[in-house]
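Q: I have a model with ligands in it. How do I read the ligand surroundings and a strand from the coordinates?

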Amino acid sequence: MSNVVIIGAGQTGRGYLNRFFQSESITFLDKDEELIHSLQTEPCYHVSFGPGERKPLALENYNAYLIDSEDGIQAMADADLIMVSVGKKNLKDVAVSLKKGLEARTKDDIDILTAENGVNVKQDLMELCEDQRVHLAEAIVFCTTIGEKWSLDILSQNLDYLPYDVVALGHTLPYENMVAEEKLDVLMQRKIYTYNCISAVVSYLGYYKKYEVYSDAANDAEIVSCIEGILKTLNHCICEEYHISAKEQKEFSDMAVDKFQNRNIVDSIERNARDVDRKLGATERIMAPLAIVRKHDQSSPELLLTAASALYYGKMTKTLLKTEAEYIADLPEEWQKEIVEDLEALGQKKDIADILK
Ligand SMILES: NC(=O)c1ccc[n+]([C@@H]2O[C@H](COP(=O)([O-])OP(=O)(O)OC[C@H]3O[C@@H](n4cnc5c(N)ncnc54)[C@H](O)[C@@H]3O)[C@@H](O)[C@H]2O)c1
Ligand SMILES: O=P(O)(O)OC[C@@H](O)[C@@H](O)[C@H](O)[C@H](O)CO
C-alpha cells in the first residue's frame, strides 16, 4: 500500500483524485480549517453521478490535516505520491509547504503531480526539483466535480481518466485509469483552448444572459450559435497548430459540448466564471485561442465577444485586477476596437445576435 497525499481537499481533490487510490492510504491536506475539521470528524462521504449513470461511491479510510501542521508536514515527509489540486494561483504557497515536508523527509524518491487547469503550471513548483528525490509532472483533469460549502459530498461527471506527463515524471504509475501521456503539453493546450474556451463562452455569455445553472446557458440557442461559430474557425486552426486530424479535434470538441449541455451535471455559472483575471491571461482559454486564430489568418467575432463578456463579468463583479485595455493590449488594434465596441453594447444590454450583426 502506498502513502498518497492529496493537497487540496476541494472539489477535484476529494471528489475526483481520491478515486484513483481507493486501495491506498490517503491523506488530505488543506489550509481550510473548517474543511479539515469536517474530514476529521465525518468518517465517510459520497461522490454521486447523474441519475442512472453510476452507483455513488462511498469514500472512507482517509486522514486529513492542516497542511502546515506537524501531522501535515509528516504526511508529506512519508508520502510516496503527492497530488496537488489547489488552483494555479495557490501553487507558490504550496511550494513553501512542500519544502517543509521535503526537509523532514528521510525516505527516497517522491512523485509530485499537479492536477490543475493551466499551461505549464508545474513551473511554480520547479524549485522543488533542486531536491534530486523529487519527480515533478502535470496531470490533466477532464472530469467536472461540483461541491457545496455545507457538505463533503460531491456531484461528479462520470469519467475516470487522468492523463499524466510520463516524460517529465520519468516512469509510469501503477494506478488504474491514470494514463501515461507522452505529449501532455499538447493535450493540455488543446484541453484549455477547446474545453475551457467553450466553458468561457458558456460562463461569460451565460452570466450576461443572467443564467445561474451552467447547463441552461450551454443549451441557450444564442450561446450554442456562438459556440458553433467559434468551433468552426478554432477547430481548424487547432488542427493546423498541433497537427491533429479534423476528425480527432471534432470529436474532442463534441465531447466538451456534450458534457457542458448535460443537465445531469448540475454545475453553476459562478464556479465556471471564477478567477476571471486568470482566465484572461495570455496562455489561457480566451487570449491563447485568439492568438492561434490570428496566427492562422482567421478571425472570430464570437470569440472577441467572449473576451468582451469576460471583461463585462469582471467589471460587474469588480474582480478585474487591471484596466480593461491592459487585458487586450496584445491583440491587433482592430480586434481591440471590436472588443471595446462589444463591451459597450453589452453595457447597453443589447441582444447577442444584434451585437454580432
Ligand atoms: N472542479 C472541477 O470540475 C475542475 C475540473 C477540471 C480542473 N479543475 C482544476 O482543479 C483545480 C482545483 O479546483 P477545485 O474545483 O477542486 O477547487 P476548490 O476550490 O474546490 O478546491 C481547492 C482547495 O485547495 C485548497 N487550497 C488552496 N490553497 C491551498 C494551500 N496553499 N494549501 C493547501 N490547500 C490549499 C482550498 O482550501 C480548497 O479546499 C483548479 O486548478 C481547477 O482549475 C477543476
Ligand atoms: O477550473 P477553472 O476555474 O480553471 O475553469 C472552470 C471550468 O472551465 C473548468 O473547471 C472545467 O469545467 C473543467 O476544466 C472541465 O473541463
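This is a predicted model: local features need pLDDT of at least 70, side-chain atom pairs count only at pLDDT 80 or more; totals for chains, interfaces and linings use all residues.

Q: Is strand β1 largely enclosed or open, and why?

A: Count its buried residues, meaning those under 20% relative accessible area. β1 covers residues 3–7, and four of its five residues are buried, so the rest of the structure largely encloses this strand.

Q: Which strands pair with β1, and in what direction do they run?

A: Look for bridges between strands. β1 is joined to β2 (residues 25–30) by five bridges, and the two run parallel. β1 also runs parallel to β6 (residues 81–84), with four bridges between them.

Q: Which residues stand opposite each other in these pairs?

A: Isoleucine 6 faces phenylalanine 28 of β2. Isoleucine 7 has valine 84 of β6 as its bridge partner.

Q: How should I think about side chains along a strand?

A: In a regular strand, side chains alternate between the two faces of the sheet.

Q: Now the ligands. How many residues surround ligand 1?

A: A residue is included if one of its heavy atoms lies within 4 Å. For ligand 1 there are 24, and Gln11, Thr12, Asp30, Glu116 and Thr145 are the closest. The shell divides into seven nonpolar, 10 polar and seven charged residues. Helices α1 (11–15) and α4 (91–103) each contribute at least two residues to the shell.

Q: Which polar contacts does ligand 1 make?

A: Look for N or O pairs within 3.5 Å. A polar backbone atom of threonine 12 is 2.8 Å from an oxygen of ligand 1. The side chain of serine 85 has an N or O atom 3.3 Å from a ligand 1 oxygen. For the side chain of arginine 274, that distance is 3.2 Å. Taken alone, ligand 1 exposes 820 Å², and the protein buries 88% of that.

Q: Which side chains make polar contacts with ligand 2?

A: Among them is asparagine 196, with a polar side-chain atom 3.0 Å from a ligand 2 oxygen. Arginine 278 places a polar side-chain atom 2.8 Å from an oxygen of ligand 2. Ligand 2 exposes 400 Å² when taken alone, and the protein buries 95% of that.

Key. Residues are numbered from 1 along each chain as its sequence is written. Chains are lettered from A and ligands numbered from 1 in the order in which they are written. Side-chain values use heavy atoms; hydrogens and water are left out. A polar contact is a pair of N or O atoms within 3.5 Å; within protein, one must be able to donate a hydrogen and the other to accept it, and residues adjacent in sequence count only if both atoms are side-chain atoms. Accessible areas come from the Shrake-Rupley method with a 1.4 Å probe; for residues, only the protein chains shown count as cover. Buried means under 20% relative accessible area, exposed over 50%, partly exposed in between (1.4 Å probe, protein chains only). Two strands pair if DSSP finds at least two bridges between them. Ala, Val, Leu, Ile, Met, Phe, Trp, Tyr, Cys and Pro count as nonpolar, Asp, Glu, Lys and Arg as charged, and the others, Gly among them, as polar.
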